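Dear colleague,

Please find below the structure that I am handing over to you. My notes on it follow directly after.

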Amino acid sequence: MTKPVIVATDGSSAAVAAVEWAAGDAARKGLPLRIVHAVDRSPFEPARHPVPGDDQLLWAGRRVLEEAARTVRETHPALRVDTVLLEGRPVTVLRREAAGGVELVVGSRGHGGFAGMLLGSVSTHLAGQVPVPFVVVRPEVSAPHELIVAGADGSAEAEAALTYAFEEAWSRGCRLLVLYAWQLPVHAYAPEISYGIDEVRRAQEEHVAAVLATYRRSYPDVDAEMRSVCAHPVPVLVDAGEKADLLVVGSRGHGALGSAVLGSVSRALLHHARCPVAVVRPPAAEKTEEW
């Protein structure tokens with residue numbers, strides 16, 4: 001059985017954008033689309049005292065799903081779409097659903113978020129927690145740039161992110177920019193220590209080039225460019241994301257605490273990048289250390 005692309009919706013503008021993004025991704029990859037809406041009763045009533053008769057929450061949820069499915073079928077008539085209405089907290093429902101899909105797509109904020117917040121509680125809690133690529137989509141619509149940007153640092157998480165990025169670039173027929181943002185060790189700035197900055201830069205570039213060469217052999221049709229930058233990865237990737245259709249990073253990378261499920265770089269990008277962001281974890285057996 002072919003696993004679907006899973007997308008969550010609550011009818012908000014960010015969720016509508018997420019459904020559109022997920023439908024396009026599923027269509028390009030020849031995969032079915034599964035649209036999920038979670039009915040969360042906890043803010044309204046104790047579970048032991050359900051309201052009898054016509055349930056407005058279920059009715060509203062069905063309307064949201066019907067509208068989402070109708071829109072998808074208008075834009076992608078050949079796409080196989082199914083909808084599912086589930087009861088429970090959205091984070092719990094979506095984490096369970098993600099196990100049966102190839103990726104999980106959500107909007108950056110739902111109806112419950114504060115207007116000034118860039119990232120809602122559901123997307124914040126799911127990032128780094130689900131076993132499949134997790135994509136967060138903002139409601140702003142921009143013209144396509146025909147470019148995907150991926151961060152790399154040599155960790156298992158970054159390699160999983162590169163695999164996803166190459167597959168996305170191949171399915172879209174667009175360019176891929178792989179950025180390796182590196183920083184000199186602190187002791188490099190000590191005047192009593194001789195340090196070859198050019199040597200460090202050369203070693204970093206050779207490392208990225210070797211990693212990229214492996215992927216180029218597997219994806220010969222992808223126009224992939226490598227760029228090594230001596231800078232902190234967050235501003236480098238955020239700036240690159242301004243001209244990208246998708247920004248791809250690993251859930252963690254070198255330097256992360258072993259117990260952390262989401263690294264500081266990937267967390268910062270989810271909050272600050274304006275384009276869709278995909279956070280990718282490696283298979284469970286390969287988990288290491290942060291993007």
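A residue is called buried when its relative accessible area is under 20%. Threonine 9 has a relative accessibility of 7% and therefore counts as buried. Please bear in mind throughout that this is a predicted model.

Threonine 9 belongs to the loop that lies between β1 (5-8) and α1 (13-29). Neighbours within four places in sequence aside, threonine 9 contacts Ala15, Val19, Ile35, Val36, His37, Val64, Leu65 and Ala68.

Helix α1 itself comprises 17 residues. From its first C-alpha to its last, α1 reaches 25 Å, which is close to the expected 24 Å at 1.5 Å a residue.

On one pairing, β7 runs parallel to β6 (residues 147-151), to which five bridges join it; here arginine 175 in β7 is the bridge partner of leucine 147. Together with helix α5 (residues 156-172), β6 and β7 form a right-handed β-α-β unit. β7 also runs parallel to strand β8 (residues 224-230), with seven bridges joining the two. In that pairing, alanine 181 stands opposite valine 229 of β8.

With kind regards

Terms used
Residues are numbered from 1 along each chain as its sequence is written. This is a predicted model: local features need pLDDT of at least 70, side-chain atom pairs count only at pLDDT 80 or more; totals for chains, interfaces and linings use all residues. Side-chain values use heavy atoms; hydrogens and water are left out. Two strands pair if DSSP finds at least two bridges between them. Helices (H or I, at least four residues) and strands (E, at least two) are DSSP runs, numbered from the N terminus. A crossover is right-handed if, with the strands pointing away from the viewer, the path from the first strand over the helix to the second runs clockwise. Buried means under 20% relative accessible area, exposed over 50%, partly exposed in between (1.4 Å probe, protein chains only). Contact means heavy atoms within 4.5 Å. The expected span of a helix is 1.5 Å times one less than its number of residues.
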